[in-house]
Amino acid sequence: MTTHQIVLIPGDGIGPEVAAATTRVLEAAGAPLQWIEHHAGIAALQSLGEVLPEQTLDAIRDRGIALKGPCTTPVGTGFTSVNVQLRKRLDLYAAVRPVRSLPGIPTRFQGVDLVVIRENTEGLYSGIENVVTQGVVTSLKVATEHASQRIAHWAFQYARDRGRKKVTVMHKANIMKLTDGMFIRCARTIREQQGFTDIDYEEVIIDAGCMRLVQDPTQFDVLLLENLYGDVLSDLCAGFVGGLGVIPGANIGDDYSVFEAVHGSAPDIAGKGIANPLALLMSAVMMLNHIADTRHDESCRAAGARIREAYNRALSDGQKTRDLGGDLGTEAFASALIERIRG
Ligand code: NAD
C-alpha cells in the first residue's frame, strides 16, 4: 500500500489542538498518510523568525499537498497574512468550501448543499495599499483576465465533475464596472466557448444575492466569487449549517493543494480544549478524496468514507462540541469518532 507524505502545518491558536485530534482520527480510519510537520504563522515566527519560512513552502512543493491549521494575522498592523502569501506563492487559485446541512445539528434551514468557489489570488487581497497624502489611503482591487478565466473554468469543471446543476456568480459590476465587469464577462465567455452550457448560469448583484441567500440558501448550488466576496460569503454560509466549526476548505492550484478549515485561530477559545476539530477533519476528508482522484488510490477514498460515516453517526447520536450545542471537548469528540470507526 502506498503511503502519502503530507505536510502538516498545525498553525496558531486552536490549530495544534484541532490538528492533533484530526490526525488521531485519520490514523484510526487507516488513512495511508505520513506527516511531515512544518510551521507557519506565529509558531514559525517564534521558532524560525519568519511567518512563512521558505522550508515550509519547499516542503509543500516537494510533497504537493498540505493539511494546514489556522494562522493568526495581526489586525491593522504587522506582517502580511500567511494565508494570503501561501496562496499566492503556490498559486493556489481556487478555494473550495462545501456548505452542507449535517444530521443532528438543528438550524433554520434544512437541505442546504452549496459550494463556495472563491478566486484566491487577486482582487483586494493583492495587498497594494498606498498612502496618498496624510489622512488619505487607497487599496487597489486587481482583476486579470487570466485569473478570472481560470477560476471560471475551474468552477464549471467542478460543477460538471460533481453533477452540480447551476453556477451563480455574485458581483458588484454595476459599480466596479472594470474589475467585477471582467469577472462576469470571463465567466460568461468560458461557459459559452468551452462547452459548459449544460450547466445553468446566473449573475446576481451581491447585495441582492445576500438577501436571497438568507431567505433560502437551498436555491443555490455553486457560488463563484472573487476573493473578498468569497471570504465574506463563506462565513455567512457557515451560519446556515452550524457555524465555522463545520466548514472545510481546499486551496487548489495546478501543482499544489493546501487543505484547511475556513475558520481562523479562534484566540478566544485557544488552549481550552473545546474547539471543534470537525472542520479540519472534513478538510482532511476532502484531501483524501483529492488524493484518490489525482493519485488513483481508492484506499484514501475508503478512509474518508469511514470518517464521514463516523461523524454523521456521532452527530446524530448527539455527540457534539459546544459550538454545536453539545458538551464534548476536542479530544472527547475525536474519541467519539474513533469509537464509531472501530465499532
Ligand atoms: P475565527 O474563525 O478564528 O473565530 C470566529 C469565531 O468562531 C470565534 O468566536 C471562535 O471561537 C469561533 N470558532 C472558530 N473556529 C472554531 C472551532 N473550530 N470550534 C469552535 N469555535 C470556533 O475568526 P477571527 O476571530 O476573526 O480570527 C482569528 C484569527 O484567525 C485572526 O488572526 C485571523 O486573521 C485568523 N484567520 C486565519 C484563517 C486561516 O488561517 N485560514 C482564517 C480566518 C481567520
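This tour visits a pair of helices and then the ligand of a predicted model.

Residues are numbered from 1 along each chain as its sequence is written. In this predicted model local features need pLDDT of at least 70 and side-chain atom pairs count only at pLDDT 80 or more, while totals for chains, interfaces and linings use all residues; side-chain values use heavy atoms, leaving out hydrogens and water.

**First stop: two helices**

Select residues 15-28, helix 1, together with residues 330-342, helix 11 (helices are DSSP runs of H or I with at least four residues, numbered from the N terminus). Their axes, lines fitted to C-alpha atoms over the stretch in contact, lie 9 Å apart at an angle of about 10°. Helix 1 is therefore roughly parallel to helix 11, a term for angles under 35 degrees. Next, display the side of helix 1 that makes the contact (heavy atoms within 4.5 Å): Glu17, Val18, Ala20, Ala21, Arg24, Val25 and Ala28. On helix 11, the contact residues include Thr330, Glu331, Leu337 and Arg342. Nine residues of this contact are nonpolar, two polar and four charged.

**Second stop: the ligand**

Zoom in on Cys71, where a backbone N or O atom lies 2.8 Å from an oxygen atom of the ligand. At Ala266, a polar backbone atom is 2.7 Å from a ligand oxygen atom.

Terms used. Axes are lines fitted to C-alpha atoms, for helices over the stretch in contact, and angles run from 0 to 180 degrees between N-to-C directions. Angles under 35 degrees count as roughly parallel, over 145 as roughly antiparallel, 65 to 115 as roughly perpendicular and the rest as oblique. Ala, Val, Leu, Ile, Met, Phe, Trp, Tyr, Cys and Pro count as nonpolar, Asp, Glu, Lys and Arg as charged, and the others, Gly among them, as polar. A polar contact is a pair of N or O atoms within 3.5 Å; within protein, one must be able to donate a hydrogen and the other to accept it, and residues adjacent in sequence count only if both atoms are side-chain atoms.
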